Amino acid sequence: MKKVEAILKPFKLDDVRESLSAIGISGLTITEVKGFGRQKGHTELYRGAEYKVDFLPKIKIELVVAAHLVDRVIEAITEAARTGKIGDGKIFVSDVQQAIRIRTGEQDEQALS
């Protein structure tokens with residue numbers, strides 16, 4: 001099992017969710033986060049004063065999938081989230097040792113569906 005975490009622009013969330021649904025992914029967790037990378041924030045004008053915004057709003061998507069689905073998940077997220085501009089985001093993949101469905105006690109891949 002693998003955990004896929006993707007940080008992306010908020011307006012791309014619906015596109016990514018639809019893309020993942022199209023390949024059979026039925027569950028994910030979404031968190032509103034703030035951060036910066038190469039984008040390094042930006043400046044905004046508010047009531048005539050300019051100020052710097054260091055941390056930009058992003059969406060973090062987390063899902064755990066069977067190892068054989070990871071490449072399809074990465075491709076779906078990448079195609080749906082890409083704008084071609086700086087700040088499109090990142091995808092991280094890590095191993096998951098164990099998954100347990102609390103309600104039934106099912107474990108590992110049986111707990112994912």
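1. Strands here are DSSP runs of E with at least two residues, helices are runs of H or I with at least four residues, and both are numbered from the N terminus. Lys 3, for example, is found in strand β1. The model is a predicted one, in which local features need pLDDT of at least 70 and side-chain atom pairs count only at pLDDT 80 or more, while totals for chains, interfaces and linings use all residues. Residues are numbered from 1 along each chain as its sequence is written, and side-chain values use heavy atoms, with hydrogens and water left out.

2. The sheet. Four strands form an open sheet in the order β2-β5-β1-β6, and their pairing is antiparallel (two strands pair if DSSP finds at least two bridges between them). The edge positions belong to β2 and β6; each has a single partner strand, so one side of each is left without a neighbour in the sheet. On average, neighbouring strands of this sheet are turned by 20 degrees against each other, direction ignored (axes are lines fitted to C-alpha atoms, for helices over the stretch in contact, and angles run from 0 to 180 degrees between N-to-C directions).

3. Strand pairs. Going across the sheet, β2 and β5 are joined in the antiparallel sense by seven bridges, and Val 33 stands opposite Lys 58 in β5. The antiparallel pair of β1 and β5 also has seven bridges; here Lys 2 faces Val 65 of β5. Seven bridges likewise connect β1 and β6 in the antiparallel sense, with Ile 7 opposite Lys 90 in β6.

4. Helices on the sheet. Helix α1, residues 13-22, lies across β1 (2-8), β2 and β5, and its direction is at about 10 degrees to that of β5. Helix α2, residues 70-81, packs on the sheet and touches β1, β5 and β6. The direction of α2 makes about 5 degrees with that of β1. Contact means heavy atoms within 4.5 Å.

5. Lys 3. Not counting residues up to four places away in sequence, Lys 3 touches Glu 62, Leu 63, Val 64, Phe 92, Val 93, Ser 94 and Val 96. Lys 3 and Asp 95 are 92 residues apart in sequence, yet their C-alpha atoms are 6.1 Å apart.

6. Lys 12. This lysine sits in the loop between β1 and α1. Lys 12 counts as buried, at 13% relative accessibility. Its contacts, leaving aside neighbours within four places in sequence, are Ala 80, Ala 81, Arg 82 and Thr 83.

7. Two further loop residues. Gly 87 belongs to the loop between α2 and β6 and is buried at 17% relative accessibility. Asp 108 is in the loop between β6 and α3 and is partly exposed at 30%. The phi of Asp 108 is near 55 degrees, a positive value in a residue other than glycine. Most residues other than glycine have a negative phi.

8. Largest pocket. A pocket is an open set of points on a 1 Å grid over the protein atoms alone where a 1.4 Å probe fits, with protein on both sides within 12 Å along at least five of seven lines; lining residues have an atom within 4 Å of a point. The largest pocket has 17 lining residues, and those nearest its centre are Gly 27, Val 64, Val 65, Leu 112 and Ser 113. Both β5 (56-65) and α3 (109-112) supply at least two residues of this lining. The largest share, four residues, comes from β5.

9. Second largest pocket. Among the 14 residues lining the second largest pocket, Phe 36, Gly 37, Arg 38, Gly 89 and Lys 90 are the closest to its centre. At least two lining residues come from each of β2 (29-35) and β6 (89-95). β2 gives the most, with three residues.

Methods:
Buried < 20%, exposed > 50% of the residue type's maximum accessible area, 1.4 Å probe, protein only.
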